[in-house]
Amino acid sequence: MTPIRRRLSLYLLLVLFCILAAFKPSADVSAGVPTLKIHFLSVGQADCILVQTPAGYNMLIDAGNNDDAGFITSYLDGLNIKRLDILIGTHPHEDHIGSLDTVIRRYQIGQVYMPKVTTTTKTFEDVLLAVKEKALRINTAKAGVNITIDPGVKMEFLAPSSGTYNDLNNYSAVLKLVYGNTSFLFAGDAEAISETEMLAAGYNLSSDVLKVGHHGSDSSSSEAFIRKVSPKYAVISVGTGNSYGHPSPIILNRLKNYGAEILRTDLDGTVVIASDGKTIKVNKKVSPIKPNAPPSSTVQSSDQEKIKQEEPVEVIVYITQTGSKYHRAGCRYLAKSYIPISLKNAKAKGYMPCSVCRPPQ
């Protein structure tokens with residue numbers, strides 16, 4: 001071989017090496033390693049979480065509001081998902097089960113889990129009808145129940161542990177998922193009462209990732225609970241410019257004080273977290289940020305009627321003639337002559353929430 005040909009061969013080998021190096025997979029959680037992926041969908045002031053296990057099983061936790069059906073199904077279709085092996089409705093509030101009926105009808109469904117509590121809303125009735133149409137059964141989501149679909153992933157419900165709560169939020173199915181040395185806690189809308197029960201039960205709450213309860217409301221994420229969870233990442237599913245003031249600055253500061261990196265769907269869009277069982281990788285802005293509500297000009301009259309049907313009823317709390325606090329029904333600090341009042345009016349009159357019964361805020 002002549003010197004020129006030898007140099008040319010060496011040059012071509014060098015070029016080929018560079019090309020191969022450019023396409024070499026990076027040394028991260030997606031490089032040929034069985035990967036768990038969790039998608040926190042940007043559905044505004046609502047929850048929808050897709051879990052894809054390393055063995056290829058799919059689980060959906062909640063399904064946003066009624067008007068999120070198009071986005072959710074488009075997202076799932078984009079991942080070529082045909083079957084949801086597990087479907088969880090954490091509790092029967094519209095912002096968690098709104099599009100469950102559409103999801104049930106559109107995809108093959110394995111098992112359905114919901115807490116043992118009912119409500120009379122049309123949204124809840126729609127879900128039950130879809131379950132009936134598919135000849136499915138609803139498994140009870142409660143503390144101590146394990147889910148087994150992927151042998152490499154451990155999943156257990158930590159709540160609810162009681163069958164009687166004054167607030168539907170506390171019926172929330174709280175799920176802990178463990179993959180290798182990484183762990184995830186999905187808190188639904190569980191409030192301080194449920195958190196206290198989980199603490200009292202002695203569960204290992206420590207988790208790398210926490211789906212923050214109740215959209216970051218200060219009715220959830222008590223200091224004792226966050227201390228035990230001690231998350232590295234805290235994901236808040238929340239709508240841009242929502243009228244509830246979520247997430248609460250108190251909760252944001254609390255999470256930061258315990259070292260959590262905060263991820264918010266109103267700021268970061270859909271968030272995807274991947275784990276290879278050892279390390280965690282975060283991918284933000286996977287889909288655009290959804291506003292809290294569509295512009296009024298885009299809402300048709302039929303949609304307006306639907307929204308009107310789903311508006312929550314006025315929250316009622318209770319005060320006494322001489323007290324300065326407002327309470328839940330049944331609070332031991334209520335006198336026999338308690339006075340019902342709307343939460344809005346109680347707050348406007350300067351009443352503060354009782355620290356014992358922890359009424360809605």
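Biologist: In this predicted model, which residue forms a salt bridge with Asp85?
Modeller: A salt bridge needs a side-chain nitrogen of Lys or Arg within 4 Å of a carboxyl oxygen of Asp or Glu. Here the closest N and O atoms are 2.8 Å apart. Asp85 is buried, with a relative accessible area of 11%. Its partner is partly exposed at 35%, and that partner is Arg83.

Biologist: How many salt bridges does the model hold by this rule?
Modeller: Side chains of opposite charge can pair when their charged atoms come close. Asp126 and Lys122 form one of these pairs, with the closest N and O atoms 3.2 Å apart. By this rule the count comes to nine.

Biologist: What separates Arg105 and Asp101 along helix α4?
Modeller: The two form a salt bridge, with the closest N and O atoms 3.7 Å apart. Arg105 is partly exposed, at 38% relative accessible area, whereas Asp101 is buried at 10%. They are four residues apart in α4, so the separation is about one helical turn.

Biologist: Which residue is linked with Asp101 and Arg105 in a network of salt bridges?
Modeller: Asp101 and Arg105 form a salt bridge with each other. The network also takes in a further residue, Glu133.

Biologist: Is Asp126 buried or exposed?
Modeller: Asp126 lies in helix α5 (residues 122-133), four residues from Lys122. Buried means under 20% relative accessible area. Asp126 has 18%, so it counts as buried.

Biologist: Where do the buried residues of α2 fall around the helix?
Modeller: Helix α2 covers residues 69-78, and its buried residues are Ala69, Ile72, Thr73, Tyr75 and Leu76. Seen down the axis, they fall within an arc of 160 degrees, so they line one face of the helix.

Biologist: Which exposed residues sit on the face of α2 turned away from its buried side?
Modeller: The buried side is covered by elements including β1 (36-40), β4 (83-88) and α4 (100-106). The face turned away from that side carries Ser74 and Gly78.

Biologist: Which residue just after α2 takes a positive phi?
Modeller: Helix α2 spans residues 69-78. Just after α2 there is a phi of about 60 degrees, at Asn80.

Biologist: What is the order of the strands in the open sheet of seven strands?
Modeller: The pairing is mixed. The edge strands, β7 (146-147) and β13 (261-264), each pair on one side only. The order is β7-β8-β9-β10-β11-β12-β13.

Biologist: Which helix packs on the sheet, touching β12 and β13?
Modeller: Strand β12 (residues 233-236) pairs with β11 (residues 209-211) in the parallel sense, over three bridges. The helix covers residues 249-257, and its direction makes about 140 degrees with that of β13. This is α8.

Biologist: How many residues of strand β9 are buried?
Modeller: Six bridges join β9 to β8 (residues 153-159), and the two run antiparallel. Five bridges join β9 to β10 (residues 182-186), again antiparallel. Strand β9 is largely enclosed by the rest of the structure, because its buried residues number five of the six.

Biologist: Which residue stands opposite Leu175 in β10?
Modeller: Leu175, in β9, is the bridge partner of Phe157. In β10, Leu175 stands opposite Phe186.

Biologist: Which residues touch the most other members of the largest nonpolar core?
Modeller: That core has 29 residues. One of the answers, Ile88, is in contact with residues including Met59, Tyr113, Phe157 and Leu175.

Definitions and conventions
Residues are numbered from 1 along each chain as its sequence is written. This is a predicted model: local features need pLDDT of at least 70, side-chain atom pairs count only at pLDDT 80 or more; totals for chains, interfaces and linings use all residues. Side-chain values use heavy atoms; hydrogens and water are left out. A nonpolar core is a set of buried Ala, Val, Leu, Ile, Met, Phe, Trp, Tyr and Cys residues joined through side-chain atoms within 4.5 Å. Buried means under 20% relative accessible area, exposed over 50%, partly exposed in between (1.4 Å probe, protein chains only). Contact means heavy atoms within 4.5 Å. Two strands pair if DSSP finds at least two bridges between them. Axes are lines fitted to C-alpha atoms, for helices over the stretch in contact, and angles run from 0 to 180 degrees between N-to-C directions. The arc is that of the directions from the helix axis to the C-beta atoms. Lists of a residue's contacts leave out its neighbours within four places in sequence.
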